[in-house]
Amino acid sequence: MSTIVKTPSDIAYIRHAARILADVLKEVENRIQPGIKTNELDSFCNDMILSKGCVPAFKGYRGYPACVCISINDQVIHGLPGTSIIQDGDIVSVDIGVNYSGYYADAARTFSVGNISREKARLITAARKCLELSIKKTVPGNRVGDISWAIQDSARSFGVLTVNEYSGHGVGINLHEKPHIPNFGKPGTGEVLKKGMILAIEPMVTSGNGKVVTAEDGWTVVTQDGSPSAHFEDTVLITDDEPIVLTEF
Ligand code: CO
């Protein structure tokens, strides 16, 4: 089965999920500060998503026990919220999935807390730029490899490495759909993109060797060498014109 092309009705629902998601991310950005626990941010997201008539898409997904993923410093993705306290100098990646009436959106941002090191600031800039440049490639007639290459090449231009064990993906009718969108690849290869496809593009970058391991909680993915990492993700609709970033905020 190839990538699902969404109907206008599908798109309307997915857009709504994405709009709520962007609003939640904005509120998280306002609340993230030294002293707050990751499980407090998680329950804020849970309450806000439910109050908007949506459901947190990650809760229960493959047994995931929390609402959102919060990954601090060397934690790359899937950080399980708990009693860790966010501190000045941290970079904090918050990854949120929203289900509205069975339709899904998925997005993440890495936020800086107080004064962060130049190394961490560079990672945030690099991850944002990888996402921005790869979205420009998300147009009909291009291929998945064009997106992947844009991510890889932009990371290189910042002198950082992509994390290659995890990928972006189609999204909308399910949380994860075809195609896989690796954070590395070759231009002109892979599935051809079409109008109506919706993709979750999610570059992760690190200043270290790019290798990752799963922590003892069974979820949190950390860099093997302890280097910090940043993660940006948006849900993007392919149109005949410019791609539309449904989770923009
Ligand atoms: Co995703």
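## Cobalt site

The arrangement around the cobalt ion is irregular because its four donor atoms subtend angles of 84 to 170 degrees. The donors are Asp106 (OD), His169 (NE2), Glu202 (OE) and Glu233 (OE), at 2.1 to 2.2 Å from the cobalt ion. A donor here is an N, O or S atom within 2.8 Å of the metal (3.2 Å for Na, K and Ca); water is not among the atoms, so sites may look incomplete.

Along the chain, the donors of the cobalt ion follow the spacing D-x62-H-x32-E-x30-E. Aspartate 106 belongs to strand S5 (residues 103–112) and histidine 169 to strand S7 (residues 168–170), so this pair ties together parts that are 63 residues apart in sequence. Strands (E, at least two residues) and helices (H or I, at least four) are DSSP runs numbered from the N terminus. Aspartate 106 is buried, at 2% relative accessibility, and histidine 169 is buried at 4%. Buried means under 20% relative accessible area, exposed over 50%, and partly exposed in between (1.4 Å probe, protein chains only).

## Basis of the model

This is a predicted model, in which local features need pLDDT of at least 70 and side-chain atom pairs count only at pLDDT 80 or more, while totals for chains, interfaces and linings use all residues. Residues are numbered from 1 along each chain as its sequence is written, and side-chain values use heavy atoms, with hydrogens and water left out.

## Lysine 120

Lysine 120 lies in helix H3 (residues 118–136). Lysine 120 is buried yet has no salt bridge; the nearest side chain of opposite charge, aspartate 90, is 4.7 Å away. A salt bridge requires a side-chain nitrogen of Lys or Arg within 4 Å of a carboxyl oxygen of Asp or Glu. For charge, Lys and Arg count as positive and Asp and Glu as negative, while His and the chain ends are not counted.

The side chain of lysine 120 does make a polar contact with the side chain of asparagine 73, at 3.1 Å. A polar contact is a pair of N or O atoms within 3.5 Å; within protein, one must be able to donate a hydrogen and the other to accept it, and residues adjacent in sequence count only if both atoms are side-chain atoms. Leaving aside residues up to four places away in sequence, lysine 120 touches Asn73, Gly89, Asp90, Ile91 and Pro228, where contact means heavy atoms within 4.5 Å.

## Aspartate 146

Aspartate 146, in helix H4 (residues 144–157), is buried at 13% relative accessibility. A polar atom of its side chain lies 2.7 Å from the backbone nitrogen of arginine 143. Beyond residues up to four places away in sequence, aspartate 146 touches Lys137, Lys186, Pro187 and Gly188.

## Salt bridges

The structure holds seven salt bridges. Among them, aspartate 23 pairs with arginine 19, the closest N and O atoms being 3.4 Å apart, and glutamate 27 pairs with arginine 31 at 2.6 Å, N to O. Aspartate 23 and arginine 19 both lie in helix H1 (residues 8–31), four residues apart, about one turn of the helix.

In helix H4, arginine 156 and aspartate 153 are three residues apart, about one helical turn, and their side chains meet in a salt bridge (2.9 Å, N to O). Arginine 156 is exposed at 56% relative accessibility, whereas aspartate 153 is partly exposed at 26%.

Note on methods
Tetrahedral: all angles 85-135°; square planar, octahedral: opposite > 155°, others 65-115°.
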